[in-house]
Amino acid sequence: SAGSIPRLAVAAIMVTMAMVTGARADGDPRRGGQLYRACVACHSLEAGSHLTGPSLAGLWQRPAGKVEGFARYSAGLRSADFDWDAAVLDAWLADPRAMIPDTRMVFRGIAAERDRADLVAFLALAMAPGGAEAVVDRGLVPAGYARGQKPEPLTPTPPGAQVTKVRHCGDSFVVTTADGVETPYWEMNVRLKLDTRDTGPAPGAPVIVGAGMMGDRVSIVFASLRDLNNLVEEAC
Ligand code: HEC
């Protein structure tokens, strides 16, 4: 039919573009490692370590949206049907939303083609099996980049941060810590959180964490929803 020739031509152009823009052999993984700093708030390269985004461990040339144990994919990425290779990553990093309109990756994209090529060269190493160790061993990134910005462990907990009692009274949360100190906080300045990781609070032993420069905002972190239910009471 008349339509098949243009389609073939388009396909040929796309393959050529993928070879030119995607599989750039000239990407500098060392510079890419520095650019990877933009990703560490949300991603770890360590297997099974999910932050805001999924662990990127072992994803090179593997299917998109299928990382085990990550429960927060957008519908679009979860149902995606492509593998992460150089060309696809280049397009993703240029504009994630253009690729997956409902994506939950809040990232404006990287405009400079050279930056993307360098980052992809780094990711080809970092997202390969064993990549987290490899990129640190080769000195491409500090260990903290590979680990990603996962929250600090909450145990062991100093007595001043160990919560023994939480009362809500009027517009205040009144927090008692293991050193016997009782401190009232305005309810709008208190966040009640769960941390179910092994490194989170011990069962029955929530932890109070400062969350503002002035020390007036805090998070109280519980090991489980049951702890939150059991340990916070309405009492004046
Ligand atoms: C603000 C947090 C955030 C930042 C910053 C961020 N990401 Fe993401 N990323 C996410 C989230 C959330 C998802 C899941 C997106 C979805 O489900 O639509 C994701 C998904 C991905 C995926 C697909 C993973 C899969 O399972 O298929 C890749 C690859 C990726 N990000 C790479 C990067 C790179 C490289 C950077 C740095 C340039 C970066 N991300 C920066 C949050 C972030």
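Which element gives the most residues to the shell around the ligand?

Author: The element that gives the most to the shell around the ligand is α4, with three residues; helices here are DSSP runs of H or I with at least four residues, strands are runs of E with at least two, and both are numbered from the N terminus. This is a predicted model, in which local features need pLDDT of at least 70 and side-chain atom pairs count only at pLDDT 80 or more, while totals for chains, interfaces and linings use all residues. Residues are numbered from 1 along each chain as its sequence is written, and side-chain values use heavy atoms, with hydrogens and water left out.

The space that the ligand takes is the second largest pocket, where sitting in a pocket requires that more than half of the molecule's atoms lie within 2 Å of the pocket's grid points. A pocket is an open set of points on a 1 Å grid over the protein atoms alone, where a 1.4 Å probe fits and protein lies on both sides within 12 Å along at least five of seven lines; its lining residues have an atom within 4 Å of a point. The second largest pocket holds about 610 Å³ of space, a volume being the space filled by probe spheres set on points that are joined across faces, edges and corners. Of the 31 residues that line the second largest pocket, H43, G53, P54, W92 and M105 are the closest to its centre. Two or more residues of this lining come from each of α4 (86–94) and α6 (113–126), and α4 contributes the most, with three.

Around the ligand itself there are 26 residues, the closest being C39, C42, H43, Y73 and M105, where a residue counts if one of its heavy atoms lies within 4 Å. The elements that give two or more residues to this shell are α4 and α6. By class, the shell divides into 19 nonpolar, six polar and one charged, with Ala, Val, Leu, Ile, Met, Phe, Trp, Tyr, Cys and Pro counted as nonpolar, Asp, Glu, Lys and Arg as charged, and the others, Gly among them, as polar.

Polar contacts, here pairs of N or O atoms within 3.5 Å, complete the picture. A side-chain N or O atom of H43 is 2.8 Å from a nitrogen atom of the ligand, and one in the side chain of T103 is 2.7 Å from an oxygen atom of the ligand. At R104, by contrast, a backbone N or O atom lies 2.9 Å from a ligand oxygen atom.

How values were computed
A polar contact is a pair of N or O atoms within 3.5 Å; within protein, one must be able to donate a hydrogen and the other to accept it, and residues adjacent in sequence count only if both atoms are side-chain atoms.
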